[in-house]
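Here is a short briefing on one protein model. Look over the sequence and the fold, then read the notes below.

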Amino acid sequence: MAEKSKPPKQLTLDLDGKEEKPKPKKSTSSYKVVLSDTPSPLKKPNTSRKKPTVTTRSMTVKIPADKRPVPKPVAKESLGKKRPTPRTADQPNPHVVQTRTRKRPATQTAKPKKQQVVPPKIGKRTSYRQPLSRRLLLPLVIALLVVAALLILYAHGEKPTLLVPPVPGGEKRDVVAVTIESGMTARTVSLLLEQLGVVEDAQALLAYLVEKELATVIQTGTYVMERNLQYSEVASLLTNTEQTMDVTIPPGFTLSDIDGYLVNRLEIDEGGFLDAVNNLASAYRLSFTEGWFLSGSYTIHRNRAAEELALAMYQEMLRALQGLLDSPLLERYSIEELLIVASMIQAETQDITQMEGISSVIHNRLAHDEPLGIDATTRYELGDWENPIPTEALETKSPYNTRRKVGLPPSGICCPGVDALRSAFFPKDTPYFYYLHGYDKAIHYAETYEEHKENITQYR
């Protein structure tokens with residue numbers, strides 16, 4: 001049987017020193033100090049918490065009456081109040097700052113809201129200016145709508161006419177094209193020239209023509225004239241009675257070749273034909289010159305050979321194109337693009353029987369966005385049609401190197417003939433993408449590059 005636990009001994013402290021203080025024994029016992037005159041009864045141990053079995057002793061400390069703390073007076077209002085219950089774990093600690101906002105009691109009146117300031121609308125503020133992007137938005141939208149309308153009208157319109165865009169850049173020449181028709185009098189011609197700006201005073205020009213007895217010998221036709229000419233210069237152009245001559249321009253000639261031909265035959269100044277061509281391009285607003293002049297035979301006056309030849313070749317090209325406007329390719333290409341194709345066909349062969357096949361290869365490659373690989377365009381750029389093409393020129397990416405550039409060159413490369421022109425507008429329908437001229441003077445086509453290499457091995 002376990003021994004009965006002994007109650008802890010109670011010690012009394014005599015603060016006045018009347019009683020001897022017992023010497024504490026060396027022990028691990030704890031002492032309970034009670035500040036009271038009389039010994040306080042022992043409290044029952046808390047049975048809810050298990051403590052280690054340690055022998056404890058209570059001790060009573062006697063405090064003299066003069067050294068006791070004076071108790072604070074208790075307010076009467078708090079006498080009847082209950083003591084606050086201890087805070088539980090789920091209740092907030094009043095000594096810790098709470099982050100939650102306190103709800104306003106229903107009885108407390110809310111503060112009046114501040115009056116909201118409404119800013120003025122954009123565009124009404126003082127010294128306000130819209131950004132550049134916003135100011136340009138409306139003109140841009142209008143421009144896009146106009147372009148879309150023009151495209152719709154073009155798509156649903158009639159066949160394209162021989163109108164071409166203006167010359168992009170280059171030298172701007174102050175020239176006009178004047179057409180003198182049969183039945184026009186000297187007075188009518190003078191008024192027309194004044195209206196176009198060729199002369200300043202029509203009455204003075206008419207008086208000059210009458211005085212020189214030239215009013216009845218004005219020649220009909222189309223003339224390319226500069227503005228503000230002298231009356232003698234106008235009369236010389238309109239009343240040319242000198243002997244005419246016939247010239248023949250072979251297919252494949254370039255404009256430079258024609259200029260050299262006229263220099264050698266007529267002993268005119270070098271570059272005269274090129275100047276006449278540039279004047280005509282400015283008057284008719286052509287975007288390029290090479291390719292717009294049809295080869296053939298023409299009758300011209302000797303003293304105006306360059307101007308008349310350029311005008312005659314251009315007008316003959318317009319007449320030839322009138323019979324080709326029903327080509328289905330005009331739904332995809334412009335007239336100028338097909339003129340460039342015609343010049344490439346003409347430069348590649350002089351054999352009429354080969355032109356439709358070469359045109360087929362060119363159009364097949366264009367439709368599949370493949371480089372054309374035509375050496376004649378590089379030769380035109382170099383100005384050399386006889387010597388072998390340097391490797392460096394074939395590897396350089398230039399506007400006329402169709403081995404490195406996809407698509408057409410920026411202009412034609414020679415004066416095409418009627419047969420090359422028709423082949424460009426109406427090519428043969430073939431599956432070929434390659435061709436070569438062999439040593440047997442024949443042309444050999446291929447569908448694939450492997451077949452083309454076999455033709456190179458066999459025919460070259």
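Which element gives the largest share of the lining of the second largest pocket? Strand S8 does, with 4 residues. This is a predicted model, in which local features need pLDDT of at least 70, side-chain atom pairs count only at pLDDT 80 or more, and totals for chains, interfaces and linings use all residues. Residues are numbered from 1 along each chain as its sequence is written, and side-chain values use heavy atoms, with hydrogens and water left out.

**Overall make-up**

- The protein has 13 helices and 9 strands. These are DSSP runs numbered from the N terminus (helices: H or I, at least four residues; strands: E, at least two).
- Of the 460 residues in the protein, 32% are buried. Buried means under 20% relative accessible area, exposed over 50%, and partly exposed in between (1.4 Å probe, protein chains only).
- The protein exposes about 32,600 Å², and carbon and sulfur atoms supply 53% of this area. Accessible areas come from the Shrake-Rupley method with a 1.4 Å probe; for residues, only the protein chains shown count as cover.
- Take the contacts between residues at least 6 apart in sequence: 66% join residues at least 24 apart. Contact means heavy atoms within 4.5 Å.

**Nonpolar cores**

- The largest nonpolar core has 63 residues, of which Phe273, Trp292, Phe293 and Leu309 touch the most other members. Such a core is a set of buried Ala, Val, Leu, Ile, Met, Phe, Trp, Tyr and Cys residues joined through side-chain atoms within 4.5 Å.
- Strands S6 (244-249) and S7 (296-301) each supply at least two residues of this core, as do helices H5 (255-266), H6 (272-284), H7 (305-322), H8 (335-348), H9 (352-367) and H12 (418-425).
- H7 gives the most to this core, with 11 residues.
- Apart from this core lies another, of 19 residues, among them Val178, Ile180, Val199 and Leu229.
- Phe293 touches Leu255, Val277, Leu280, Ala310, Met313, Tyr314, Met317, Cys415 and Pro416, not counting residues up to four places away in sequence.
- In soluble globular proteins, nonpolar side chains tend to be buried together.

**Second largest pocket**

- The volume of the second largest pocket is about 800 Å³. A pocket is an open set of points on a 1 Å grid over the protein atoms alone, where a 1.4 Å probe fits, with protein on both sides within 12 Å along at least five of seven lines. Grid points are joined across faces, edges and corners, and the volume is the space filled by probe spheres set on the points.
- The second largest pocket is lined by 25 residues, and Gly373, Asp375, Arg403, Tyr435 and Arg460 lie nearest its centre. Lining residues have an atom within 4 Å of a point.
- H8, H9, helix H10 (375-382), strand S8 (434-437) and helix H13 (449-459) each supply at least two residues of this lining.
- By class, the lining has 15 nonpolar, 4 polar and 6 charged residues. Ala, Val, Leu, Ile, Met, Phe, Trp, Tyr, Cys and Pro count as nonpolar, Asp, Glu, Lys and Arg as charged, and the others, Gly among them, as polar.

- Tyr435 lies in strand S8 and is buried, at 15% relative accessible area.
- Outside four places in sequence, Tyr435 is in contact with Glu348, Ile358, Val361, Ile374, Ile443, His444, Tyr445 and His452.
- The C-alpha atoms of Tyr435 and Asn455 are separated by 8.8 Å, and these residues are 20 apart along the chain.
- His437 is also found in S8, but counts as partly exposed at 26% relative accessibility.
- His437 and Arg460 are 23 residues apart in sequence and 8.6 Å apart, C-alpha to C-alpha.
- Ser359 is found in helix H9 and is buried at 0% relative accessibility.
- Outside four places in sequence, Ser359 is in contact with Ile345, Ser423, Ala424 and Pro427.

**Loop residues**

- Arg285 sits in the loop between H6 and S7. Its phi is near 60°, a positive value in a residue other than glycine. Arg285 is partly exposed, at 46%.
- Asp369 lies in the loop between H9 and H10. Phi of Asp369 is positive too, near 55°. Asp369 is exposed, at 59%.
- Gln230 lies in the loop between strand S5 (221-226) and helix H4 (231-238), and is exposed at 52%.
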